[in-house]
Amino acid sequence: MSVKERKERDRAERERLIVATARELAEAQGWDAVTTRRLAERIEYSQPVLYSHFRGKREIIGAVALQGAAEMASALRAATAAVDGPRARVTALARGYLDFAERNPAVYDAIFQLDGGLAFAHEDTPEPLKDAFAALLESLAEVAGDGVHPGLFTELFWAALHGLATLTRAGRLPPADTERRVALLVDRLAVA
């Protein structure tokens, strides 16, 4: 291995460490606890080293969001691959989405609530974000209904899931009724 390759590998490893540490800290204590000073202390590198990878917290949030979006897409595809039939897939998709949001609140916030400097719904939207939307679209397109644009239907269904996830987490909706909400959402919106 050349010196250049080793330096690139070490740089990539430091970057993974920064993102993983930010994610762990955010999941344990919230995003307010994630500061460049605290991250530098935890990873045992100086702040200038951290800044050589990310210009600040916003970019770190963006990196966590991209990683989380890729994980969400995988989780949604895994949830829907295990069932047969369009309605069963949509139900599994909704459960998978809500489970992901519940298990990974800081990552979910990085993707959808916080400013990570990422563009959504644009040509320059990063691939992991596009892929997370595609994972939703794959199951929802087949139940959108006649004359309904699959992308618009997916946006509407996603908005409903996001609302359920955030309102439940905020204590505005009782978690005990989540399954009934999912069933109602699928029954009322999924045509096929």
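# Salt bridges, burial and a helix crossing

User: What makes Arg58 and Asp115 a salt bridge?

Analyst: In this predicted model, the closest N and O atoms of Arg58 and Asp115 are 3.1 Å apart. The cut-off is 4 Å between a side-chain nitrogen of Lys or Arg and a carboxyl oxygen of Asp or Glu. The pair therefore counts as a salt bridge.

User: Which parts does the pair of Arg58 and Asp115 tie together?

Analyst: Arg58 lies in helix α4, and Asp115 lies in the loop between α6 and α7. These parts are 57 residues apart in sequence.

User: Why is Arg58 called partly exposed?

Analyst: Its relative accessibility is 47%. Buried means under 20%, and exposed means over 50%.

User: Is Glu127 buried or exposed, and why?

Analyst: Glu127 has a relative accessible area of 54%. Over 50% counts as exposed, so Glu127 is exposed. Lys130 has 34%, so this residue is partly exposed.

User: How many salt bridges does a search of the whole structure find?

Analyst: The search finds 13. One of the pairs is Arg9 with Asp10, whose closest N and O atoms are 3.4 Å apart. Arg77, Asp131 and Glu138 are linked in a network of salt bridges.

User: What residues meet where α4 contacts α6?

Analyst: From α4 they include Ile61, Val64, Gly68 and Met72. From α6 they include Val107, Tyr108, Ile111 and Phe112. The contact divides into 10 nonpolar residues, one polar and no charged.

User: What makes Thr91 buried?

Analyst: Thr91 has 17% relative accessibility. Buried means under 20%, so Thr91 counts as buried. Thr91 sits in helix α5 (residues 86-103).

User: Which residues is Thr91 in contact with, leaving aside its neighbours within four places in sequence?

Analyst: Thr91 is in contact with Val182 and Val186.

Notes
Residues numbered from 1 in each chain as written. Predicted model: local features only at pLDDT ≥ 70, side-chain atom pairs only at ≥ 80, totals over all residues. Heavy atoms only, no water. Contact = heavy atoms within 4.5 Å. Helix = DSSP H or I, 4+ residues; strand = E, 2+ residues; numbered from the N terminus. Nonpolar A, V, L, I, M, F, W, Y, C, P; charged D, E, K, R; others polar. Buried < 20%, exposed > 50% of the residue type's maximum accessible area, 1.4 Å probe, protein only.
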